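Dear colleague,

Please find below the structure that I am handing over to you, followed by an account of what was found in it.

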Amino acid sequence: MSSAAEAETGALFLNAKLAVPIRHTLEELGHPQGKTPIQTDNSTAYGIVNNKIQPKQTKAMDMRFYWLKDREAQNFFQFHWKPGKNNLADYWTKHHAAIHHANMRPQILSRPNVLEKLRQKLKGSLSQAAARVC
């Protein structure tokens, strides 16, 4: 990949490509599908896909770019942009300040009391299973 926009456009392409068979399956099962929303945090990739930016050199990403544009024209997808700070996937792929980690932990990690309840439940289930075997 030669640019972040190219990488993000590639990611949009891969995610949209994975969504197509799911959409078809749901439609065949009788569940009509509206536009599937796909979010990106890269404003350049968003602009390219929505015709707000016309890049000078898209040769390396032409196939993905036009495939995405065709699917959007067919009302399969609706692309939208959100800042990266709201993107939970960025937590694992970017370097952040300590305060960001402290703010993100409650959204990502399970609370200790929830974990303890799960452990107790699992321990009780294992005890009952062992009692039935013996």
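Among contacts in the protein between residues at least 6 apart in sequence, what percentage join residues at least 24 apart? The share is 67%, where contact means heavy atoms within 4.5 Å.

Before the details, a note on the basis of these values. This is a predicted model, in which local features need a pLDDT of at least 70 and side-chain atom pairs count only at pLDDT 80 or more, while totals for chains, interfaces and linings use all residues. Residues are numbered from 1 along each chain as its sequence is written, and side-chain values use heavy atoms, with hydrogens and water left out.

Confidence and overall make-up

The predictor's confidence in each residue is given as pLDDT, from 0 to 100. The protein averages 81, and 87% of the residues score at least 70. Confidence is highest in helix H1, at a mean of 89, and lowest in helix H4 (residues 90-93), at 72. Where pLDDT is low, the predicted coordinates should not be read in detail.

The secondary structure comprises six helices and two strands; these are DSSP runs numbered from the N terminus, with helices (H or I) of at least four residues and strands (E) of at least two. Read from the N terminus, the order of elements is α-β-α-α-β-α-α-α. Of the 134 residues, 27% are buried. Here buried means under 20% relative accessible area, exposed means over 50%, and partly exposed lies in between (1.4 Å probe, protein chains only).

The contact of H1 with H3

Two packed helices are described by the angle between their axes and the distance between the axes. For H1 (residues 4-28) and H3 (residues 62-73), the axes come within 9 Å and cross at roughly 50°. The axes are lines fitted to C-alpha atoms, for helices over the stretch in contact, and the angles run from 0 to 180 degrees between N-to-C directions. H1 and H3 are therefore oblique to each other, since angles under 35 degrees count as roughly parallel, over 145 as roughly antiparallel, 65 to 115 as roughly perpendicular and the rest as oblique. The crossing in which H1 passes H3 is left-handed, that is, the near helix is turned anticlockwise from the far one by less than a right angle.

On the H1 side, the residues that take part are Glu6, Thr9, Gly10, Leu12, Phe13, Ala16, Lys17 and Val20, and they meet Met63, Arg64, Trp67, Leu68 and Arg71 in H3. The residues of this contact divide into seven nonpolar, two polar and four charged. In this grouping Ala, Val, Leu, Ile, Met, Phe, Trp, Tyr, Cys and Pro are nonpolar, Asp, Glu, Lys and Arg are charged, and the others, Gly among them, are polar.

Residues in helix H2

Ala45 is found in H2 and counts as buried, at 0% relative accessibility. Its C-alpha atom is separated by 5.0 Å from that of Ala5, 40 residues apart along the chain. Neighbours within four places in sequence aside, Ala45 is in contact with Ala5, Glu8, Thr9, Leu12 and Thr40.

Ser43 is also found in H2, but counts as partly exposed at 43% relative accessibility. Ser43 and Ala5 are 38 residues apart in sequence and 8.2 Å apart in space, C-alpha to C-alpha. Not counting residues up to four places away in sequence, Ser43 touches Ile53 and Trp81.

Asn50 has its place in the loop between H2 (43-49) and H3. Asn50 is buried, with a relative accessible area of 19%. Leaving aside neighbours within four places in sequence, Asn50 is in contact with Lys69, Glu72 and Phe79.

Asn75 lies in the loop between H3 and strand E2 (77-81), and is partly exposed, with a relative accessible area of 43%. Although Asn75 is not a glycine, it has a positive phi of about 65°.

Asp90 lies in H4 and is buried, with a relative accessible area of 11%. Leaving aside neighbours within four places in sequence, Asp90 is in contact with Asp41, Gly84 and His96.

Yours sincerely
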